[in-house]
Structure formats: C-alpha cells, structure tokens
Amino acid sequence: MSREKLMSSTSPSRLFSEVPFETDGKHTGFIRLFNSVHESAFGFIPIPIVVVRNGEGPTALLVSGNHGDEYEGQVALCNLARGLSPDRISGRVIITPMANFPAGKAGLRTSPIDGGNLNRAFPGDPSGSVTEQIAYFYETVLVPMSDYICDLHSGGSSLMYVPSTLTVRPSDPAKLGPLLGMLKAFGAPYGYVSAGGNGTGGESSLWGAAERCGKLAINTELGGAGSVHAGGLRIGCRGINNLLVHAGILPQEDFIPVDRPTRLLELKGPDYYVYATEDGIFEPLVEPGDEVISGQAAGRIHSPETPWLEPTISYFQREGIVMCKRIPGRTKRGDCLFHLASELPSGA
C-alpha cells in the first residue's frame, strides 16, 4: 500500500489484540492474525504482546523479532516482560518480542509464509499478505498510540555488529535533538544517524511508520551472527531500562550507570559500504569496532574453484569505524561485507 493510499484509507486492521491497552495492570496475550490454511481453516497466528500500564503518562513501544533471526532483542524483551510490574512505572509500556512471528518461529530474517521482510513492508496493507497485515497493524494501531519507539535489531545470520543504536535523519530537523537524546540515553558504545537508503528500508521500515505518525523512534544493532551476543544482550537490557527512565516511565533512581558515553557517528551514502565484487570465500581483514582509513584493504575473496588465481581485494572508500562485518565465509557478488560510520559533526 502506498503512503498516499494509506492516508486516504479508512480500513481497520484485521488483526485483533486479546489484551487491553487502556486498562491499568499487566496484561499478556496475543495479537491474533487470522490465517486460513489447509491445516487450520479458522486458525490464527499468535503474535505475543505484553502491555504494562499504570495511570497517565508516556507510552513506549518496544519491538524485537522484526527480523526473526535477530535474537538479542528478543531475549532482552522476554526479560523485561517477566520483570516489569505496573507499580514501577508511570504510563504504558507495550512489548512485542516477536513482531514477525512466523519469521521468529522459523529463525529466519523473512517470513516462511510469504517471504516478507517486515522491516520492508510498511505501511502494509489490511488485506495483503501476512507480513503486510502485521505491518499495517503496527502502522495504524501500535505506532499512533506510542510516544517513544525502540526497534531492537542485531546482525542476524549474515552480519555481526558492534553493539550500537541508530536513527534515521528525520524530515523535521527539530526532531534530531530528541532522537540523539534517545541514542545517548540508551547508552550503547556507538550511536549513529543514518541517511537511509542503501537497502536499509527507509519509509518502508518501522522507522518510516514512526516518521509518518510524527513519533520518535530509534533502532539498535546488538550483535548478531545468528546467536545471542552476551555483551550486546547486557547493553540491550540496560539500554531499554535507561530509555524508559529517559521517557519518564521509570523513575530516575532506576537509571543504570553506563560504561562510557555514547560516541555519536553518522552513516551516509553508498561509499560507507563495502560489497563483494566476486563470488568466493570471504576473508575479513578487519573487525567490528576497528578504525580504518580510505584505501585500506577490507577483505579478500578467494576462489577455491580456481586456486591459482590471486584473491580479489575489497577496499574501504572512507575513513571511519567498522560497524559490522559479514559472517558466512561463502559469499557472492553483491553481498554486504562491511559498513562504516564516521564522526557526527558537532551541531549536525
């Protein structure tokens, strides 16, 4: 569904939440996505949701499992869902640990039902595929009722990230300051501002839904490699807590001190990325967190099929900090091997 069609649409989401949003207390259950298939004529896909509410105050929407093979955020939100009680907060916290439930259940980036990448499916479609219907529910129900949104990602099966937070440069420059405040409050070692593009989703992501609704949204990258990164999980749990303190939902005394202030960076155009130029076996020459210079060798791609040929060398086009690297050794032309971020200019 296009943005223009969404704005003129009055169709309600077909998804149904078992839990109330306006009642104080802690409520657990499922968002029902009715899906008639051979095995279950009148069945539904159960997307888990927890709503914790105590009186008036801001609403935080905390999301993970947007990509099903990104696990640090899912574990962090499971911990929060068990531990957060209404008497500790002022306002409301909405927790959805497996946003793209079919992908999460299968441990895949995309849905095994329709191949959909939820973070490329917004604004969604109330009558569309399973993934488009999930996106539409977030776009028209959960995002509009939220003030602060944190979408917890990591590198999944194909990438490993240095633990970091990010946001996309907003269309309204006045919102950049509050977004940087959220990055700093989360307290990851690095926080960067992306220009969008380069396959990152932009308006078709959950961030795009927040932008359309005028809400403040940040993402994380907490590790990856298809596993749970212990350091990333620790940073994620602490960061969620401190973001709720920042929002005024948790009291100031619940703030957990951070190891060091967040280093603010930016990620601009395609020259911040390194891609495989040939098929073969990828040998990285740097690691996430390394500082590199323009022209430095990033990695070699070897061809065991023709072992007498010299490996192809990929180079960085800019100086900066390596935010992530590709994990699988076998690679093909067009795979992302690394991306960088560079210092955010003061006052930017």
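A residue counts as buried under 20% relative accessible area, as exposed over 50%, and as partly exposed in between (1.4 Å probe, protein chains only). In this predicted model, local features need pLDDT of at least 70 and side-chain atom pairs count only at pLDDT 80 or more, while totals for chains, interfaces and linings use all residues. Residues are numbered from 1 along each chain as its sequence is written, and side-chain values use heavy atoms, with hydrogens and water left out.

With a relative accessible area of 45%, F34 is partly exposed. F34 lies in strand β2 (residues 25-34); strands are DSSP runs of E, at least two residues long, numbered from the N terminus.

Let us turn to strand β17. Seven of the seven residues of β17 (residues 320-326) are buried, so this strand is largely enclosed by the rest of the structure. Two strands pair if DSSP finds at least two bridges between them. Strand β7 (residues 159-161) is antiparallel to β17 over three bridges, with L159 opposite R326. Two bridges link β17 to strand β14 (residues 291-292), again antiparallel, and here E291 faces I321. Strand β19 (residues 336-343) runs antiparallel to β17 with four bridges; F338 in β19 is the bridge partner of K325.
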